[in-house]
Amino acid sequence: MSEPPAIFVLTGAGISRESGLSTFRDADGAWAQVRIEDVATPEAFARDPARVHDFYNARRAQLTSAAIAPNAAHLALAALERRWPGAFLLVTQNVDDLHERAGSKRLLHMHGELKRVRCARCDASHSWDAALDTATACPSCLLPGRMRPDIVWFGEMPYHMERIGGALRRCGLFVAIGTSGNVYPAAGFAAEVCGRARTVELNLEPSEVASQFDEAIHGKATGVVPAFVARLLAAWKL
Ligand code: APR
């Protein structure tokens, strides 16, 4: 049997849905409550920073509540990372910390993190659990008024794209979990590896880029992800 392939896992909001966090584009998702143009662009922040802070403060506060915890899908991916003998990278579009809390280590947040803030003046990024407002001073340059959520907004360049590109070039198995395939560059990753890697989509329903995948497994993440991980480990006798 050949070497175990390098695995690249991409996750989206669907993997955190059963932990109690809303997705973005489901009927009860975030973008059904508020417009992207009002809270998730640099222009929105320049126009009305207090409104943007309110949106992210509410989501950060929800994340720190005891009710929100990693689910079986997050835990299965952390177990796969620990037991896989080949290269493994988990790239998430999510800004929650549920993958870390489940034990994932080889993890990149390409859209930033709710529990980090950044100074638009000195660019320092800080771990942050509290609310943020227009008067908050930067812990590094000590100047107030320029702190923002360390979130990648629409129109901004996602983080870690060089490392992500390298991992995509090397991977032999690409798995997308809980993402609708609406937002690029993440939605283009499956097409990028097509022909080089086996591609599998685990989602509640076919995504916008379902045609790019060799295999689709539909169902709730807490059911299909642990089953997929068990099947993969058994296939390699791990
Ligand atoms: N199990 C598996 N999949 C689920 C579940 C579940 N329990 N619940 C919902 N899903 C699926 C939905 O069917 C949908 O295809 O998860 C996907 C969530 O899609 P989106 O809400 O579009 O979230 P995502 O793909 O992560 O969005 C990407 O868009 O708004 C930006 O920056 C934001 O990172 C986000 C990006």
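Analyst: His160 lies in the loop between β6 and α7 (161-170). Helices (H or I, at least four residues) and strands (E, at least two) are DSSP runs, numbered from the N terminus. His160 is not a glycine, yet its phi is positive, at about 65 degrees. With a relative accessible area of 37%, His160 is partly exposed. The scale is this: buried is under 20% relative accessible area, exposed is over 50%, and partly exposed is in between (1.4 Å probe, protein chains only).

This is a predicted model, in which local features need pLDDT of at least 70 and side-chain atom pairs count only at pLDDT 80 or more, while totals for chains, interfaces and linings use all residues. Residues are numbered from 1 along each chain as its sequence is written, and side-chain values use heavy atoms, with hydrogens and water left out.

Other backbone details come next. Leu142 is found in the loop between β5 (125-127) and β6 (147-151). Its phi is positive too, at about 65 degrees, although Leu142 is not a glycine. Leu142 is exposed, with a relative accessible area of 63%. Pro185 sits in the loop between β7 and α8 (189-193). A cis peptide bond joins Tyr184 to Pro185, with omega about 10 degrees.

Now the sheet. Six strands form an open, parallel sheet in the order β3-β2-β1-β7-β8-β9. Strands pair here if DSSP finds at least two bridges between them. β3 (107-109) and β9 (215-218) stand at the edges with a single partner strand each, so one side of each has no neighbour in the sheet. From one strand to the next, the twist averages 15 degrees.

Look inside the sheet. Strands β1 (residues 7-11) and β2 (residues 88-92) run parallel, joined by five bridges. Leu10 has Val91 of β2 as its bridge partner. Helix α5 (residues 72-83) packs on the sheet and touches β1, β2 and β7 (173-177), its direction making about 155 degrees with that of β2. Contact means heavy atoms within 4.5 Å. Angles run from 0 to 180 degrees between N-to-C directions, with axes as lines fitted to C-alpha atoms, for helices over the stretch in contact.

Charge is the last topic. Side chains of opposite charge can pair when their charged atoms come close. The structure holds 13 salt bridges, each a side-chain nitrogen of Lys or Arg within 4 Å of a carboxyl oxygen of Asp or Glu.

Asp28 is partly exposed, at 38%. Arg17 is also partly exposed, at 31%.

Asp38 and Arg51 form another, at 3.7 Å. Asp38 is in helix α2 (residues 36-39) and Arg51 is in helix α4, 13 residues apart. Asp38 counts as buried at 15%, whereas Arg51 is partly exposed at 39%.

Asp97 meets Arg101 at 3.6 Å. Asp97 is buried, at 12%. Arg101 is partly exposed, at 39%. Shared partners join Arg35, Glu37, Asp38, Arg47 and Arg51 into one salt-bridge network.

Arg59 has no such partner. This residue belongs to helix α4 (residues 49-63). Arg59 is buried yet has no salt bridge, and Asp96, the nearest side chain of opposite charge, is 7.3 Å away. Lys and Arg count as positive here, Asp and Glu as negative; His and the chain ends are not counted. Arg59 touches Phe24, Val95 and Leu114, not counting residues up to four places away in sequence.
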